[in-house]
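Hello,

Have a look at the sequence and the model first, then read on.

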Amino acid sequence: KKFVYFFGDNQTEGSNKMKHLLGGKGANLAEMANLGVPVPPGFTISTEACVLYMKNNDYPEGMWDEIDKNIDKLEKSTGKKFGDPENPLLSSVRSGAPISMPGMMDTVLNLGLNDETVRGLAKRTDNEWFAYDSYRRFIMMFSDVVLGIDTNEFENLIQQKKDELGVTEDTELDTNTMKDLVEEFKSVYKEKTGSDFPQEIKQQLKMAINAVFNSWNNERAKKYRQLNDISDELGTAVNVQAMVFGNMGETSGTGVAFTRNPATGEKEFYGEYLTNAQGEDVVAGIRTPKSIQALKENMPDVYKQLDDITQKLEQHYKDMQDIEFTIEKGKLYMLQTRNAKRTAAAALKVAVDMVYENLINKKEAVMRLKPSQIDQVLHPMIDPDSELELLSSGLAASPGAAVGKVVFSAEHAEEMAQNNEDVILVRTETSPEDIGGMHAAKGVLTVRGGMTSHAAVVARGMGKPCVCGCDGISIDMNKGVFTAKGYSINEGECISIDGSEGKIYMGEAELKMPNVSGELETMLQWADEIRSLNVRTNADTPEDAKLARDFGAEGIGLCRTEHMFFGEERIPVVREMIMADNKEDREKALQKLQPMQKDDFLDIFRAMDGYPITIRLLDPPLHEFLPNYEDLIEKIKKLESEGGKQEEIKRVNDLLRNVDTLKETNPMLGHRGCRLGITYPEIYEMQIKAIIEAACELSSEGTNVIPEIMIPLVSNEKELDFVKKTVTDTAESVMNEKGTNIDYLCGTMIELPRAALTADKIAKGAEFFSFGTNDLTQTTFGYSRDDAGKFLPLYIDKGILESDPFAVLDQEGVGELMKIGIDKGRSSRPDIKMGICGEHGGDPESISFSYEAGLNYVSCSPYRVPIARLASAQAVL
Ligand code: PEP
Ligand code: MG
């Protein structure tokens, strides 16, 4: 079995196709070498070796022999040797999993330096300062990433030296000071580990490889995998690569760049670099880097070469690339390329632009955007009209706006978020340890670091607003306060951040949704060309209906008429109806309600001109419209003790009696849905009248009205037949009266297991089915919709359930019932129209299931309509 793969120097063994085995980094290094891009040579130890190492707690047989052979090759290829005091080979050691994963051991640079080789390096490069600077960096990095020694131990020593010499930059420390630091660093190492700093190069390498393997299972990496659904079984590869030096003076440097702007997707060469520096300086955000445009002025030839190479890489990979490069004494090397992480807005723009550039086709573009990213494009922004005190500005690192209470630690952020508080995580800079806190926060603000700093990259990935490099603020962790512009903001006080503009404001901003951008329109139109599922919306108000039309909804899949009962002026009338003890009184109240319902329908029909509207007759148990029992008891007590009017006391007592009679032990399984329409047909009659009257009026004005009247909670075809008669009789009489004919449909929800199982019988009377997967999930699992929150999180935590079945459709159980319902329904009415209107109608996975199962449409809340349009196109591809 082969565990080690060489790359570079025309001897490359891997390629981009071998990501699983070589990890993303290793596969891309091999691919770049294959493309003739200048890459320092090296070798990759496969993920398989890591997996075997973890399984057996020992290295796989033959791995070290292969490593030795590859070291030989590397030495020949570079003309240098590990441990050679004359011409030492130095290498980097980096982890590289098949999926890019912050939180794992990242990088050790300058491996191969010891007390002897450092002198060799000094002689070869004729630069003693550089050699000792590299050595002290190596000791510090090795101690940190391989042995977990706190870098502050070393940073403090550097700071001391700077203070003594009265300088501010590392580069201002002289050679002797560097030498002193090397000795002091070695002492720290000895003190912390009890051993001398390893002088044997093979031992250094072995320890570093070990550390990479072990980092696969550290807490941060595990947490990241958990949050991102990455399998623990993948393992990581290890890349050992000859060093090139960006810290050999002013003609050297290192940087990171993107082939397009990762925040906006704009086609511009975008990046940052530092002269006389090594890779980690840029990423760590310790020195603030220069824009890549400065490189164009300083080293035009190198810039040109870099620009050419990155364009070649983008053309080759057909995707935006994120690259790392180093310039050693004017010679350019590429250290990494990968498909760039990007904001949702950038993902959208890049995908659309690349179609226009003929790099990818429309279908590929549609697959490039995750449906969830649409959520981010539809992120809130700060209302431009709001007047807020600007506290400070920084880099616009990740778009969107957020409002929350200031917290200074990731831990605290997680705690407060658990208590449903919105928080903004404010840090000097973030590190992988902060991932949990960033996830919990609404937004992230850092004092240091650039667009490629940890905070920026991670926040963008998470779709969280982030402002970086905001050096106008200073944090005092001990006092739990930050200051800016003379203001002090304590932990727990509210601020607002705008990650699209890079601005921080005092207090709570008003947030607003941005306009749907042109690219989103284009992308969704391409999705529309591909998809066959229709996308409707769940909307109960004219406003929501309009919004959903703007988002592209092709009709309403569920209008819950009960939501129209809750208005301030309506609820007393609704109560009057409920409390009537005879039919006559009830009808009086209903007559007052009818014009109100009709008005709503008029506006909704107008907003949905030409599109079907499924209107569901009253569904919830009536007591939902009455006040709370305990509150009424309180009220009576109060009235009595305060000597309130007898009349009033009687009124409340009547109410109380009604609430008491209507009280049910299991209201969700009680007197609701079509059961109400059977016991009180006059309620449904009123609703049907309102619908058909509105339809008649608009239809004679020329509006194209397509009502679909839906009967809820049917479990038996006789229920449907009973209510359907109310529907047809009432509609008939209204149409006769108005002299207008309306083409309406009458159908039912399928939201009870018995309905699904007897769908063939039900379909005889129903002209359409709408799967109410909320109730169907509730009744299939026997989980109360209102109480499942008490145990579902634990179920998910313990792995009993993979996800919340009320959010992601349970395909195995609920889905199976749906399939039965679909098949049986079509068996007796082949052309029956079917859709889904439960919460699942907006969930990408469930949409894909709905497509496979053969539904005609999905229906979801207005904001999820664009998500559903994209997801239903992706379901086809
Ligand atoms: C359902 O049960 O899935 C449904 C859409 O109806 P509701 O959520 O109103 O019960
Ligand atoms: Mg329901």
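A polar contact here is a pair of N or O atoms within 3.5 Å. By that rule, the oxygen of ligand 1 that lies 3.3 Å from a polar backbone atom of Gly772 makes such a contact. Please keep in mind that this is a predicted model.

**The ligand site**

An oxygen atom of the ligand is 2.7 Å from a polar backbone atom of Asn774. The side chain of Glu751 also takes part, with an N or O atom 3.0 Å from a ligand oxygen. How much of the ligand does the protein bury? On its own, ligand 1 exposes 280 Å², and the protein buries 95% of that.

Around ligand 1 there are 14 residues, and the closest are Arg560, Arg616, Gly772, Asn774 and Arg785. Sorted by class, this shell has 7 charged, 4 polar and 3 nonpolar residues. Two elements give two or more residues to the shell, namely strand β25 (556-560) and helix α30 (773-781). The largest share, 3 residues, comes from α30.

**The chain as a whole**

Stepping back, the protein chain has 877 residues, and 55% of them are buried. Its secondary structure amounts to 34 helices and 31 strands. Along the principal axes, the C-alpha atoms fill a box of roughly 105 × 65 × 50 Å. The accessible surface of the chain is about 37,300 Å², with 45% of it belonging to carbon and sulfur atoms. If you count the contacts with a separation of 6 or more, 68% of them join residues 24 or more positions apart.

**The cysteines**

How many disulfides does a search of the whole structure find? The search finds 0. Cys559 shows why: the closest cysteine sulfur, in Cys837, is 11 Å from its own sulfur, which is too far for a bond, given that a disulfide needs the two sulfur atoms within 2.5 Å. Cys696 is in no disulfide either, and the nearest cysteine sulfur, in Cys746, is 16 Å away. Both residues are covered by the protein: Cys559 is buried at 0% relative accessibility, and Cys696 is buried at 1%.

**Two residues to look at**

Is Thr446 buried or exposed? Thr446 counts as buried because its relative accessible area is 0%, and the cut-off for buried is under 20%. This residue lies in strand β16, which covers residues 443-446. Leaving out residues up to four places away in sequence, Thr446 touches Arg427, Thr428, Glu429, Thr430, Ala455, Val467, Cys468, Gly469 and Cys470.

Lys638 sits in helix α23, made up of residues 629-641. Its relative accessible area is 51%, so Lys638 counts as exposed, the cut-off for that being over 50%. Between the C-alpha atoms of Lys638 and Ile649 the distance is 9.8 Å, and the two residues are 11 places apart along the chain.

Best wishes

Technical notes. Residues numbered from 1 in each chain as written. Chains lettered and ligands numbered in written order. Predicted model: local features only at pLDDT ≥ 70, side-chain atom pairs only at ≥ 80, totals over all residues. Heavy atoms only, no water. Helix = DSSP H or I, 4+ residues; strand = E, 2+ residues; numbered from the N terminus. Buried < 20%, exposed > 50% of the residue type's maximum accessible area, 1.4 Å probe, protein only. Contact = heavy atoms within 4.5 Å. Near = heavy atom within 4 Å. Polar contact = N/O pair within 3.5 Å; in protein donor to acceptor, adjacent residues only side chain to side chain. Areas by Shrake-Rupley, 256 points an atom, 1.4 Å probe, with all protein chains shown as cover. Nonpolar A, V, L, I, M, F, W, Y, C, P; charged D, E, K, R; others polar.
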